[in-house]
Amino acid sequence: MAALAQHTLAAPAPAEKADGYWIGVWRRLRRDPVAMVALAVIVALILMAILAPYLAPADPLRGQSLRRLRPIGTAGFPLGTDELGRDMLSRLIWGARLSLFMGITPVILAFFVGSAIGITAGYAGGRVGTVIMRTIDVFYAFPSVLLAVALSGALGSGTGNALVSLTVVFVPQIARVAEAVTTQVRQRDYVEAARASGAGPVTIVRVHVLGNVLGPIFVYATSLISVSMILASGLSFLGLGVQPPNPEWGLMLNTLRTAIYVQPWLAALPGVMIFFTSIAFNLLADGLRNAMDVKQ
Amino acid sequence: MSAVDIRDLRVTFGGVVRAVDGVTLSIERGEVVALIGESGSGKSVTLRSLMRLHPPRATKMEGTIAVEGRDVLAMTPRALADYRGPIVSMIFQEPLLALDPVYTVGEQIMEIILRHEKVSRKEARARALALFERVRIPSPERRLDAYPHEMSGGMRQRAMIALALACRPKVLLADEPTTALDATVQIQILLLLRELQRDLGLSIIFVTHDLGAAVEVADRIAVMYAGRIVEEGTARELIRNPRHPYTIGLLKSRAHGVMEKGTRLDAIPGAPPDLARLPPGCSFAPRCAAAIESCQIEQPPSFVVEGGHRARCFRWKDAPAQLGAQALGAA
């Protein structure tokens with residue numbers, strides 16, 4: 001017995017201090033300079049949107065027909081004025097509110113709906129899974145822009161309807177990822193081990209499937225935010241989303257289109273905002289994926 | 001009453017693949033039985049059948065399985081969930097895959113205890129801690145809060161054993177528990193299993209393809225080939241006096257004693273049969289040097305060699321001599 005004890009006690013490796021999973025992810029994310037810059041940009045944009053009333057130098061809705069289309073750098077209007085003589089800087093700051101809202105909300109809604117559908121299909125598998133996923137594929141078959149435009153057109157223009165149609169566009173995409181990841185997780189040994197210790201389907205989905213599936217879906221959803229922003233801007237550009245005179249970057253791009261020969265730099269400004277915001281979300285999603293990948 | 005009583009178990013996948021073809025095996029309380037055989041011989045399938053872990057839609061199971069007097073094949077899903085854990089539990093081959101990567105090991109053990117017993121979280125944690133001490137995990141308090149990837153291979157397997165013991169099972173199934181570990185850790189885990197078995201009075205069925213490990217821990221060994229048990233007996237009998245040509249082949253194919261550098265290991269020629277198209281006679285006959293005509297035609301019944309030592313071979317009396325089993329020496 002004593003000999004046995006000695007034998008089994010041999011060679012324990014020193015364990016490092018155990019941290020939570022998300023703490024580890026954050027630690028690795030912090031070492032990624034690109035992701036951190038992207039995160040800083042996003043935080044700055046969100047702060048800008050929240051603090052718009054305090055940051056904007058002028059009323060974004062009040063225009064003066066006497067000073068239309070002033071170039072960038074005009075005294076009193078650092079970023080010029082738009083086609084109705086409204087302060088561009090103020091409109092861009094206020095525009096962050098609607099643009100970010102339109103970019104993030106559909107993805108959040110689609111995250112919940114799509115995950116629920118995908119996890120159900122993936123865990124059920126077999127015939128139930130096939131029926132659900134083939135139905136989803138019908139929506140997936142349409143190009144996202146076309147689907148968003150068609151749905152918005154059918155529902156009528158307006159912010160709310162644009163949100164709904166964008167959500168419908170993203171649900172199939174997220175559901176497909178959720179289904180794929182769930183199918184993988186379902187075959188893992190730890191799910192069988194859980195079953196072997198008496199866990200029922202509800203426990204397995206709640207604990208083991210959700211715990212392992214939500215991370216990858218979350219990363220994928222983050223990368224959709226930029227797509228959503230661009231689509232939302234596109235809808236507004238077509239007059240299907242946010243309605244004038246509300247400031248939204250896509251809509252501003254549309255209304256300034258006529259000025260593109262007169263003040264090309266001015267007309268490009270909302271596009272620049274969309275570009276940087278979506279790139280920031282994309283880079284953050286990339287960094288997040290790398291940070292969450294290092295499991296072993 | 002024996003702890004586990006399997007009678008004429010047949011498991012068929014997808015209607016064609018006969019993974020287990022008439023296995024009869026009984027395990028006494030407190031007994032350790034090793035199932036050995038090469039990959040695809042049906043040993044893991046037999047083990048998983050005891051917990052009914054195969055996908056129900058694609059699997060057909062016939063025969064009877066009684067564990068601690070309960071008819072396993074007749075259980076409702078509800079009864080099955082109550083049976084898995086407190087009566088029978090299982091240790092998996094690769095603990096890194098069998099532990100959920102996103103929860104701490106302690107959480108996973110507590111989860112199982114809370115699933116089966118009405119205890120507080122605090123009590124469950126105390127139980128988990130006691131289990132960690134039981135399986136000799138150093139600084140157990142801290143390791144409870146560790147994630148599986150933060151532990152070494154041997155420690156993970158100890159944690160896996162603690163997880164399997166969480167609800168005080170009566171029968172422990174081990175599916176190649178040491179295959180994924182390095183050699184020095186393997187022996188520690190085997191000794192731990194043997195010790196736990198003795199202290200807790202567990203019955204263990206232990207699947208392996210490592211004959212050395214089987215001899216180390218098992219009271220009895222059952223050799224499986226193509227879904228059937230071809231020979232079973234006490235570990236000692238099987239090593240000293242093997243009767244089935246396949247067992248002899250397995251024994252001869254091991255590295256034994258001091259071998260000259262460059263010495264070839266004896267291999268069994270050929271490959272196991274396709275389980276979807278089993279030959280009508282003895283499934284080992286195509287690879288067997290001692291095969292006679294009747295081996296091709298009908299399946300050999302189980303011959304009693306001596307006491308509990310049985311072999312499914314028509315030539316059990318003379319095959320060993322012909323195949324040179326005597327030359328094995330004291331293995």
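## A first look at helices and ring pairs

Helix H8 of chain B (residues 183-200) has 18 residues and reaches 26 Å from its first C-alpha to its last, close to the 26 Å expected at 1.5 Å a residue. Here the expected span is 1.5 Å times one less than the number of residues, and helices (H or I, at least four residues) and strands (E, at least two) are DSSP runs numbered from the N terminus. Welcome to a predicted model, in which local features need pLDDT of at least 70 and side-chain atom pairs count only at pLDDT 80 or more, while totals for chains, interfaces and linings use all residues. Residues are numbered from 1 along each chain as its sequence is written, chains are lettered from A and ligands numbered from 1 in the order in which they are written, and side-chain values use heavy atoms, leaving out hydrogens and water.

- Among the buried residues of H8(B) are B:Val185, B:Ile189, B:Leu193 and B:Gln197; buried means under 20% relative accessible area, exposed over 50%, and partly exposed in between (1.4 Å probe, protein chains only).
- Just after H8(B) comes B:Gly201, with a positive phi of about 65°.
- Helix H7 of chain B (residues 153-164) has 12 residues and reaches 17 Å from first C-alpha to last, close to the 16 Å expected at 1.5 Å a residue.
- The rest of the structure largely encloses H7(B), because 11 of its 12 residues are buried.
- The buried residues of H7(B) include B:Met155, B:Arg158, B:Ile161 and B:Leu163.
- In the loop between helix H6 (140-143) and H7 of chain B you will find B:His149, which is partly exposed at 34% relative accessibility.
- B:His149 and B:Val102 are 47 residues apart in sequence and 9.5 Å apart in space, C-alpha to C-alpha.

**A helix pair in chain A**

- Helix H9 (residues 189-196) and helix H10 (residues 201-237) of chain A pack at an angle of about 165°, with their axes 11 Å apart; axes are lines fitted to C-alpha atoms, for helices over the stretch in contact, and angles run from 0 to 180 degrees between N-to-C directions.
- That makes H9(A) roughly antiparallel to H10(A), a label for angles over 145 degrees, whereas under 35 is roughly parallel, 65 to 115 roughly perpendicular and the rest oblique.
- A:Tyr190, A:Val191, A:Ala194 and A:Arg195 of H9(A) make the contact with A:Ile204, A:His208 and A:Asn212 of H10(A), where contact means heavy atoms within 4.5 Å.
- H10 of chain A also holds A:Ser233, which counts as buried at 5% relative accessibility.
- Not counting residues up to four places away in sequence, A:Ser233 touches A:Glu248, A:Gly250, A:Leu251 and A:Ile274.

**Aromatic rings**

- Over all chains, the structure holds eight aromatic pairs; rings of Phe, Tyr and Trp (its six-membered ring) pair if their centres lie within 6.5 Å, with planes under 30 degrees apart stacked, over 60 edge-to-face and the rest tilted.
- B:Tyr225 and B:Phe284 form an edge-to-face pair, because their ring centres are 5.0 Å apart and their planes stand at 85°.
- This pair links distant parts of the chain, 59 residues apart: B:Tyr225 is in strand S9 (residues 220-225) of chain B, and B:Phe284 is in the loop between helix H11 (245-252) and helix H12 (293-297) of chain B.
- Both B:Tyr225 and B:Phe284 are buried.
- B:Phe303 and B:Phe314 are also edge-to-face, with ring centres 6.3 Å apart and planes at 65°.
- B:Phe303 is partly exposed at a relative accessible area of 23%, and B:Phe314 is partly exposed at 24%.
- In chain A, ring pairs link A:Phe111, A:Phe112 and A:Phe218 into a cluster.
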